[in-house]
Amino acid sequence: LPLIRMTHTEIEMTAELVRDLLRDQHPDLADHPVTFGARGWDNQLWRLGDDLAVRLPWATESADELLRKEHTWLPALAPGLPLPVPVPQRLGEPSALFPRPWIVTTWVPGEPADRAPVTRAAEAATTLAAFLTALHRPAPGGAPAGRGRGGPLAAHTEGVARAIAEATGMGLIPDPDAVRAVWDDAVAAPGWDGPALWLHGDLHPANVLTTDGTISGVIDFGDLCAGDPAWDLASAWILLPDDTAGLFHAAYRPAADAATLRRARGWAVGRALSGILIGEAGLRGRPGGKPTWGPPAHDSLRRLLAS
């Protein structure tokens, strides 16, 4: 899967900037303490008091549209989900202080799974299955389409081939032929013929929070879209420890058929390759690189090739 071009903003983001934005557009929130939270792929996260967060786009051109999409759709979906998610509360519009939209959401406690991996495997498997069972409902006709997510795998074959070649050239994958075989099998599987279902669209370790070794929250719904559930079901291999995917699949309802699981394994291979390359870029100090993404992605690929 192709990497997204990073375009870091030239505006320095500080607690004072966040307070100024709040004073300008949401003054009733401006007196809450502001502390730095994290630098994500699309947005910077700032904690606002105990219960809220402010997200400002900083590193991709697409972040503006993704924030507005979350603000439009997530409030209606959140009440039906069994895990805490960042529910949009306010939308900030572009202004002289900051030229892009921004958002205030609820704060979701926990540590990202790329830094605090799942250790209570069985509990995490059933928790993730319950979350996706609740989310994967037929989406309305006007639901957003994915950015190549939740559609046919064949459209990504060229990008996956490039990722395999790049990772192989750097000595990052031991058996590229086996990786390609999983992808080719997924492409050959029958496609999704059911209704387009709601998908999170970006279930990787940095977007799933853990507490005491199990999954406790899901964040970053910027890639929320409608499509084939196999895209999200790939998360069983991406997020859960060894020998746990079967527990997840047994708990997910309705049970995925064999073709859907084949497609899900293919998407998981693509996500693992992307994570491996992003992790390696982080180790080499390249823009957009995140060193914490590498270890879970390597573990995911090992699980996929062993299953």
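This report walks through a predicted protein model, from its confidence scores to its sheet, helices and salt bridges.

## How to read the model

Residues are numbered from 1 along each chain as its sequence is written, and side-chain values use heavy atoms, leaving out hydrogens and water. Since this is a predicted model, local features need pLDDT of at least 70 and side-chain atom pairs count only at pLDDT 80 or more, while totals for chains, interfaces and linings use all residues.

The score called pLDDT is the predictor's confidence in each residue, from 0 to 100. The protein chain averages 94, and 97% of the residues score at least 70. Residues 1-8 are another matter: their pLDDT stays under 50. In the model they have 26 contacts beyond four places in sequence, where contact means heavy atoms within 4.5 Å. Where pLDDT is low, the predicted coordinates should not be read in detail.

## The domain on record

UniProt, in an unreviewed entry, lists residues 38-267 as "domain: Aminoglycoside phosphotransferase". UniProt positions are given in the numbering used here, feature names are shortened, and annotations may be inferred rather than shown by experiment. In the model, this span is 36% helix and 18% strand, and its end C-alpha atoms lie 27 Å apart. Helices (H or I, at least four residues) and strands (E, at least two) are DSSP runs, numbered from the N terminus.

## A three-stranded sheet

Look for an open sheet with the strand order β6-β8-β9 and antiparallel pairing. Two strands pair if DSSP finds at least two bridges between them. Strands β6 (111-112) and β9 (214-218) stand at the edges with a single partner strand each, so one side of each has no neighbour in the sheet. Strand β8 (residues 208-211) pairs with β9 over four bridges in the antiparallel sense, and V208 stands opposite V218 of β9.

Where in the fold is T214? It has its place in strand β9. T214 is buried, with a relative accessible area of 7%; buried means under 20%, exposed over 50%, and partly exposed in between (1.4 Å probe, protein chains only). Leaving aside neighbours within four places in sequence, T214 is in contact with R120, E123, A124, T127 and L209.

The expected span of a helix is 1.5 Å times one less than its number of residues. Among the buried residues of α3 are A124, T127, L128, F131 and L135. An α-helix has 3.6 residues a turn, so residues three or four places apart point the same way. The buried residues of α3 pack against β7, β9, α6 (230-233), α7 (235-239) and α8 (245-251).

Helix α9 has 26 residues and reaches 37 Å from its first C-alpha to its last, close to the 38 Å expected. Of those 26 residues, 22 are buried, so α9 is largely enclosed by the rest of the structure. G285, with a positive phi near 70°, follows this helix.

## Salt bridges across the chain

Side chains of opposite charge can pair when their charged atoms come close. A salt bridge is a side-chain nitrogen of Lys or Arg within 4 Å of a carboxyl oxygen of Asp or Glu, and the whole structure has 21 of them. One of these joins R262 and D185 at 3.2 Å, N to O. R262 lies in helix α9 (residues 258-283) and D185 in helix α5 (residues 176-188), so this pair ties together parts that are 77 residues apart in sequence. R262 is partly exposed at 29% relative accessible area, and D185 is partly exposed at 30%.

Which residues form salt bridges with D202? One is R149, with the closest N and O atoms 3.2 Å apart. Another is R271, at 2.8 Å, N to O. R271 belongs to helix α9, 69 residues from D202. Both D202 and R271 are buried, and R149 is buried too. Salt bridges that share partners join R147, R149, D202, D223 and R271 into one network.
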